[in-house]
Amino acid sequence: MNNALYVHFPFCMRKCSYCDFDTVPYNEDSVDEYQEHLLKEISLWAEYDVGTVKTMYIGGGSPSLWPGRKLHRFLDRLQKQLDFSPVEFTLECNPQELIDENLSCWETLGVDRLSVGIQSSERRILRSANREAPADLLYRLVKARERFSNVNLDFILGLPGECIKSVCGNLETIKAIGPNHVSYYMLDKDGDSDLMRLYHSGRIELLGTERVNQLHDRILEKMCAMGYDRYEVSSWQRKGSECLHNLAYWKNADYIGIGIAAGGHFGRTRYVNTSDIADYYDLLGKRNFPRDSSKCNTPCEEFLETLFMGLRLVKGVDLAEVLKDKADNVPRIKEILVKVFGPNMVFEDSKVRFTSEGLDLTGRLFAGLSEYREEITSVFSSRDT
Ligand code: SF4
């Protein structure tokens, strides 16, 4: 079995106002205790047949704050416990930490893919979101690009102060750096963040949906003109640079997540770790998995998860592959999908995918699918639902 391993590093220097992740204020001494517990969690997994780790992703938080010598020790000990042979090893980083010393250290440690959280190239927008904004952003990105052949740049569309000029600035940054992967997310207006509390209490304004959609159309057009293929709702790549680790999520494959608030999917079990660092330490101290929740999916639930995740991909899903021994139900499932998604979905034999308009409506369209849950459930026997 080839597995994806996600390691969560929750520490950050400050809290960006739009962020609703579980983060912990950074303090170098706290990293030792945290990484000792990550290793305890790995030792619990080492008792299972988890196969070879093929993709590794260190996300956060701000993993670029992880001191190099400590990260080295962590990786060294991890490799003594798990069969570790990654074909892709991603480290998320903030532009602030993109300095020669770090770049060289990460390269030495085997990181071969950098995912840089830019969010916006405009310092005014970042400062208003309480995010650090180095004045020499382009210089830092050029340095990172020179050293790493596989680089992702992350952006968010719709932060306070967003306008056509700021979006064009982001597109210029992409053009100047030429990363082989770009993730462009919509600001999550349902998020539980400081920014959204200000917005919902009427103290700040954000762009309306229509304006965001116009800017999104501009992004689609320019990304395409720059030679990028959109392969997932928010992800673009060129030269065959899909993120292999994220593909494991979208294909609902096995992945193990370790660290606070990390989630995983292993076999039919889906779990989420506690987001409370004290609980995390306490549970691992007793040699228990640090779960907040864990559930064994029924085959029907697995099918729905695989459908939801897979339809985020531009190429969609092959229902016959997903339904496996229930593939003779493909026509029934297709009938339901036609009722829910109508012209927003393309059907080719047993394959289904969203049109480009449908991809931009996934949230709303998926809500429609829940009305047909009973019909979908009936495809599976009561034992499987
Ligand atoms: S956006 Fe990233 S850097 Fe900012 S608080 Fe959240 S996890 Fe930390």
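**Figure 1. Salt bridge between Glu232 and Arg312 in a predicted model.** The closest N and O atoms of Glu232 and Arg312 lie 2.6 Å apart. A salt bridge here is a side-chain nitrogen of Lys or Arg within 4 Å of a carboxyl oxygen of Asp or Glu. Domain 1 and domain 2 share 2 salt bridges. Local features in this predicted model need pLDDT of at least 70, side-chain atom pairs count only at pLDDT 80 or more, and totals for chains, interfaces and linings use all residues. Residues are numbered from 1 along each chain as its sequence is written, and side-chain values use heavy atoms, without hydrogens and water.

Figure 2. Domain 1 gives 8 residues to the contact and domain 2 gives 7 (heavy atoms within 4.5 Å).

**Figure 3. Area buried between domain 1 and domain 2.** About 630 Å² is buried, 53% of it on carbon and sulfur atoms. Buried area is the accessible area (1.4 Å probe) that two parts lose on being put together, summed over both. In domain 1, Arg230, Glu232 and Val233 lose the most area to domain 2. Together they make up 67% of what that side buries.

**Figure 4. Strand 9 and helix 8 on the domain 1 side.** Helix 8 (209-225) and strand 9 (229-232) each supply at least two residues of the side touching domain 2. Strand 9 has the largest share, 3 residues. Helices (H or I, at least four residues) and strands (E, at least two) are DSSP runs, numbered from the N terminus.
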